[in-house]
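Please look through the structure below.

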Amino acid sequence: MDNRKELRQRSKTSKKDTPHKRTGDENALQGSTSRNTITFVVKVVIAALSAYLCCAYFTSPTSSVVVNDMHNIGQLKWANMINNDLQNGEKLFTELIGPESIAVDKVGNWYAGLEDGRIMKISNSGKVLTELTKSFDFAKGSKRVDKRIMGLRLFNSKLFFADAYQGIFVIDIHTKEWKKIVGFGDVNPNLMFANDLTITADGSTIYFTDTSEKWDYKGAAYSIIEVECSGRLFKVDLTTKSVDLLRERLCFANGIELDLTESKLLLSENSRRRILVFDIKSGEILKQILLPGGPDNIRRSRDGGFWAPIPVLPDPSFDIALPFPVIRDTLTGAISLETLFKLLKMNKGVVVKISSTFEPEAIHYDLDGKVCQAISHVCELDTGELLLGTVTSRGIVRLKL
């Protein structure tokens, strides 16, 4: 009797503990529910992302153009001579932030224009730093409060300089007396981004570039990504004070230099990765010098050739997006200007030597950025040494190639 009770109790316990076995229909139903949930989540994510990207595109500050003819570094065989020549330099005065341009006087003093709007003088002993612009504020009374020193040129005791926001000025390096040559509002449309300048051997004429009619210095990344071409080239007669527009619709007009005969003018089109060679009298474009990246300040070398630094080597992914304005405009609408600058990866050093016949002769690298980054200027000393300026990094690099 007890045995039968025990068996019945075990049978009840066994039935209670045995899990329910799902039928095929139940398994199919659960699988279908899971798939539907995942599909719904994916659709929501896609819809949200699409809405965000559409919003980014329609609120984008840029209006990019289709670019189908941009060359790349792989097409320039001479640019594929990889080396670390620039790592042999010595970085000096790291307290100087963004010495974009450098000038050297007859006794060997250096002058550097900084990111904060100051011009610093470094004595020929290489030890003394003094602020040349300490006694005056060339932006005082201006509707624009910002300052950023760009191109520098010396003629005797006169140091001419371009300020990205304020215009073209000159200061006497001995007396510290200064005056405005072309204010940002002295031309129509107003100067938006005064960049570089050069002066004739007799000191009578200045040529200077205005990078863009649309973007100022802070918006430089937008101009490069957009590949917009509203830059201008101006000529200033220092005797009559007349200002003439020589060329417009330039693509990120940047560095500028005269050849030894002063019959030709070289101009950097940064966003097109090239230097244009103009005939001064006719205005005709005589040659295009294609480079692996956008050139900055151009300066003559001792042998009559030219130095052309390249602050940024373009990322291949950017080239893929060039034919597709929608992609670039969505990018500029989706991320901040600060992030865009980081994407430009201004962390390498590149300098190109160009011959007097306007042919690339050599290229020098610091691809690891150990010593040089974002080089914007090359100044060749009488000793053959080079001084390298930078638009975003610190210090001046002295180098013997």
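## Aromatic pairs

The structure holds 14 aromatic pairs. This is a predicted model, in which local features need pLDDT of at least 70, side-chain atom pairs count only at pLDDT 80 or more, and totals for chains, interfaces and linings use all residues. Residues are numbered from 1 along each chain as its sequence is written, and side-chain values use heavy atoms, with hydrogens and water left out.

Rings of Phe, Tyr and Trp (its six-membered ring) pair if their centres lie within 6.5 Å; planes under 30 degrees apart count as stacked, over 60 as edge-to-face and the rest as tilted. Two of the pairs involve Tyr-217.

| Pair | Centre to centre | Angle between planes | Class |
|---|---|---|---|
| Tyr-165 and Tyr-217 | 6.4 Å | 70 degrees | edge-to-face |
| Phe-193 and Tyr-217 | 5.7 Å | 90 degrees | edge-to-face |

Where do these residues lie? Helices (H or I, at least four residues) and strands (E, at least two) are DSSP runs, numbered from the N terminus. Tyr-165 is in the loop between β7 (158-163) and β8 (167-172). Tyr-217 is in the loop between β11 (205-210) and α3 (220-226). The two are 52 residues apart, so their pair links distant parts of the chain. Phe-193 lies in the loop between β9 (178-183) and β10 (194-199). Its pair with Tyr-217 ties together parts that are 24 residues apart in sequence.

Tyr-165 is buried at 7%. Tyr-217 is buried at 16%. Phe-193 is buried at 3%.

Ring pairs also build a cluster. Its members are Phe-136, Phe-138, Phe-161, Phe-169 and Trp-178.

## Charges over rings

A charge sits over a ring if NZ of Lys or CZ of Arg is within 6 Å of the ring centre and within 35 degrees of the ring normal. The charged end of Arg-144 lies over the ring of Phe-184, 3.9 Å from the centre. For Lys-353, the ring is that of Trp-307, with its centre 5.8 Å away.

## Cysteines

How many disulfides does a search of the whole structure find? It finds 1, where a disulfide is a pair of cysteine sulfur atoms within 2.5 Å. Cys-229 and Cys-251 form it, with their sulfur atoms 2.0 Å apart. The torsion about their S-S bond is about 90 degrees, so the disulfide is right-handed. Cys-229 is in the loop between α3 and β12 (231-237). Cys-251 is in the loop between β13 (243-250) and β14. They are 22 residues apart. Cys-229 is partly exposed at 32% relative accessibility, whereas Cys-251 is buried at 5%.

Cys-55 is partly exposed, at 45%. Cys-372 is buried, at 2%. Its closest cysteine sulfur, in Cys-379, is 15 Å away, too far for a bond.

## A four-stranded sheet

An open sheet of 4 strands runs in the order β14-β15-β16-β17, with antiparallel pairing. Its edge strands, β14 (253-258) and β17 (285-290), each pair on one side only. Two strands pair if DSSP finds at least two bridges between them. Strands β15 (264-269) and β16 (274-279) pair over 6 bridges. There, Glu-269 stands opposite Arg-274 in β16.

Terms used
Buried means under 20% relative accessible area, exposed over 50%, partly exposed in between (1.4 Å probe, protein chains only).
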